[in-house]
Amino acid sequence: MEEERFDYGKALEELEGIAKKVEDPQTGIDDIDKYIGRSAELIEKCRAYLRTAREKLEKIK
């Protein structure tokens with residue numbers, strides 16, 4: 001099974017969408033909890049992606 005390639009731009013777009021949903025007064029508490037969990041996953045993946053990119057850049061220097 002091939003590992004899916006992480007798309008940093010799509011992750012940022014999803015995080016922006018989640019932020020809008022959480023700020024919407026019509027969003028229920030249970031949904032907010034779900035969105036917060038997803039946000040945490042995306043943020044961790046973004047951080048790992050940026051760490052890897054920084055390490056690759058430092059190797060080039």
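Colleague: In this predicted model, which helix holds the place of Asp33?

Modeller: Asp33 sits in helix 2, the element that runs over residues 29-60.

Colleague: Why is Asp33 called exposed?

Modeller: The relative accessibility of Asp33 is 57%, and since a residue counts as exposed when that value is over 50%, Asp33 is therefore placed among the exposed residues.

Colleague: How do you know that the span of helix 2 agrees with its number of residues?

Modeller: With 32 residues at 1.5 Å a residue, helix 2 should span 46 Å, and because its end C-alpha atoms lie 47 Å apart, the two values agree.

Colleague: Which residues of helix 2 are buried, and what covers them?

Modeller: Ile32, Tyr35, Ser39, Leu42 and Cys46 are buried in helix 2, and helix 1 is included in what covers the buried residues of that helix.

Colleague: What makes up the largest nonpolar core?

Modeller: That core consists of six residues, namely Ala11, Leu15, Ile18, Tyr35, Leu42 and Cys46, with at least two supplied by each of helix 1 and helix 2. Ala11, once its neighbours within four places in sequence are set aside, is in contact with Phe6, Leu42 and Cys46.

Methods. Residues numbered from 1 in each chain as written. Predicted model: local features only at pLDDT ≥ 70, side-chain atom pairs only at ≥ 80, totals over all residues. Heavy atoms only, no water. Helix = DSSP H or I, 4+ residues; strand = E, 2+ residues; numbered from the N terminus. Buried < 20%, exposed > 50% of the residue type's maximum accessible area, 1.4 Å probe, protein only. Core = buried A, V, L, I, M, F, W, Y, C linked by side-chain atoms within 4.5 Å. Contact = heavy atoms within 4.5 Å. Expected span 1.5 Å × (residues − 1).
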